[in-house]
Amino acid sequence: MTRLSKTSIGLFGLIVAIFAGSAAFAASTEADFKQAYAAADAAEKEAGRLRNQWLATEAALAEARKAAESSDFDRAVAAAKEAEALAKASIFQATSENEAWKNLEIRP
Amino acid sequence: MASSIRVRAIANGDITEVQTLIQHPMDSGFIKDDKGEFIPAHYIRELTFEHNGKAVFVADWGTAVSKDPYVKFAFKGAAKGDELKVSWIDNKGETDTATFKVQ
Amino acid sequence: MTTFDGDLPVTRRLVLRGAGSVALAGLGIAGLGIASFHAPEALAAANDKYPEDAFKQKDGTEAIKRLYGRPAEPSDKIKLDAPEIAENGAVVPISVSTSLTDITSIAFVVPENPNALAAYYKIPQGTLPSIANRLKMAKTSNIIVIVESGGKLFSATKEVKVTVGGCGG
Amino acid sequence: MKFLISLAILLLADAAAIADGADPAAEARAFREYFFQKFPNVNPDDFVNGPYALNEDMRRQWEEKEQFPPYEFSLEAGKELFAKPFANGKHYADCFPDSGVAIRQNYPQFDAKRGKVITLELALNECREANGEKAISYTGEDMAALTAYVAFTSRGKPFDIRIPDDPRALEAYENGKRYFYTRRGQLNFSCATCHVQNPGERLRAEVLAPGLGILNAMPIYRSEWGGMGTISRRFITCNSQVRGVPLEAQSEEFRDLEYFLSYVSNGLPISGPGARP
């Protein structure tokens, strides 16, 4: 079980890393945050439509809002990007499971 | 309000086996609530069983007794129909008493 | 059945608890019925008071010392029954019985808990030296049971593995 | 000629079943068979006791607790709640067949009028609302107590879940099945990952329960919760345990999941209320 969960986290961790890798390095502005947050929020809403949101995405979105409130836009943008990456990973999961779930099914 | 005390006292010959379950949080004082604040200790300190006015079992408990505590013991000398009086008092001074028939 | 009116009888034991006003405050929480309070005679009748000091000890050996004033020696005449692995540290069923005679008390000690002494049972004459109870365990620990027999102290020990702790007991 | 037509219809019906991949009765048999083969030493009826059917040390702890089970208080509270009249003088008993006694094994049901699955929890709240009372929380103590009492009156009665000849009922079953096998949450687990592929194994401290019979013991007193929990609460916990945002209690997915899981456990006795680590 432990190995299984590690593999799974590893897979999604990799996806997260790819998405998050595109984060900007320059100091971020409120506009950057709003843009990043809107993208993350849209992705999370899509995950919601697919009934497959992740707790970590919600946590990252909350973290982004909190950082933005204290005008820490570097942290806010980073968190929003992470949230977007997580949300996209959950969308990827939900979409690939459209068919993949059958692999586990016990059939007559 | 229903009693917090449940007792099954069953006589088998001269020996009566007593099982008790008590509804009580038994908060240890070491657990935090959702807000991250410690829930104050709240636990039964003393539980007493009396038969014919004589204590047949006395439990002194600390915070490590499980929530809704359970204890089982057996004593001699009771007959079916005898009364068993059970009382507890906790660290806040709350108390409950109930009487049960030996079956 | 529940009896209480806040007018606590002034016995030494209850005064020691400083129960009076706290008891009233606590009433609302417990939702206990209000009627007249009869002191449980047995509480007043028992000679020894609640071993407050022993229950506060962090260390198992110290708790036993405060409770009995001396250490116990291991005995194979005590049968201590506890699970190998606790299914949940919040509720660990533990029972003990013994072929030793003239038993006056039995105590359960969990050294790895925040407070080591878990329970102390007084065994009057005519009560069998056999007890089952459910204890909390914060983590993997020995369970030590102390049996007071003919004024002497004997013990048995068993380790119980705890993977989900009872969050301190 | 008649015979030929019948045969043709039979063949067509069969073909349809195969095309849809939907033969719930055969699937339920296969589901049960999977667990019987995986645990040949476990008595079929014992699967309703979850991890205790699979682990001797845990079983002893459970049997000790069953001597005076921790759900006793909830069960009594449920009995009182169930008997207590609503403000309009009516009772829960008026909403159910047989006055609500020994009916647990028949839920969830497919309601043909509304085209949806009705669980016992939902039916209890609909009964309240039909009598002018507010719905109670699906995850709260009162619902756990009520369902504990209803389950208790059904102890020993085998699950008897029906899928009527209605494409919507079949769809609900299929939907529940899909939910059961679909991986979700950041841990990428499905219900089946734990309860089909790994029952009996330890995940952290827990010994995973077999999917077969998993709802027969509901509601359950969990030591981990220090209290009682409904099926709704258990499903929500499952979602968050795999690091997913839980769906709403009694959402369509959860109701359909309950329909599927109960159906595949048809024939196994109701054992609720239960106690679990």
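**Exercise 1. Determine which element gives the most to the lining of the second largest pocket, and describe that lining.**

Solution. In this predicted model, local features need pLDDT of at least 70 and side-chain atom pairs count only at pLDDT 80 or more, while totals for chains, interfaces and linings use all residues. Residues are numbered from 1 along each chain as its sequence is written, chains are lettered from A and ligands numbered from 1 in the order in which they are written, and side-chain values use heavy atoms, with hydrogens and water left out.

Step 1: Helices (H or I, at least four residues) and strands (E, at least two) are DSSP runs, numbered from the N terminus.

Step 2: find the contributor. With five residues, α9(D) gives the most to this lining. The elements that each supply at least two residues include α1 (2-20) of chain A and, from chain D, α9 (231-241) and α10 (252-264).

Step 3: The lining has 24 nonpolar, eight polar and eight charged residues, where Ala, Val, Leu, Ile, Met, Phe, Trp, Tyr, Cys and Pro count as nonpolar, Asp, Glu, Lys and Arg as charged, and the others, Gly among them, as polar.

**Exercise 2. Explain why strand β7 of chain B is described as largely enclosed, and trace its pairing.**

Solution. Step 1: count the buried residues (under 20% relative accessible area, with exposed over 50% and partly exposed in between, for a 1.4 Å probe and protein chains only). Five of the seven residues of β7(B), residues 95-101, are buried, so the strand is largely enclosed by the rest of the structure.

Step 1: follow the pairing, for which DSSP must find at least two bridges between the strands. Strand β6(B), residues 83-90, pairs with β7(B) in the antiparallel sense over seven bridges, and B:W88 has B:D96 as its bridge partner.

Step 2: inspect the turn. Four residues stand between the strands of this hairpin, where B:G93 takes a positive phi near 85°.

**Exercise 3. Locate the cis peptide bonds that join D:Y107 to D:P108 and D:G272 to D:P273, and the positive phi values of A:R51 and D:N188.**

Solution. Step 1: recall the background. Most residues other than glycine have a negative phi, and most peptide bonds are trans.

Step 1: For D:Y107 and D:P108 omega is about 5°, and D:P108 lies in the loop between α4 (72-83) and β1 (109-111) of chain D. For D:G272 and D:P273 omega is about -5°, with D:P273 in the loop between α10 and β7 (274-276) of chain D.

Step 2: A:R51, with phi near 60°, is found in the loop between α2 (30-49) and α3 (55-69) of chain A, and at 28% relative accessibility it counts as partly exposed. D:N188 also has phi near 60°; this residue sits in the loop between α7 and α8 of chain D and, at 11% relative accessibility, counts as buried.
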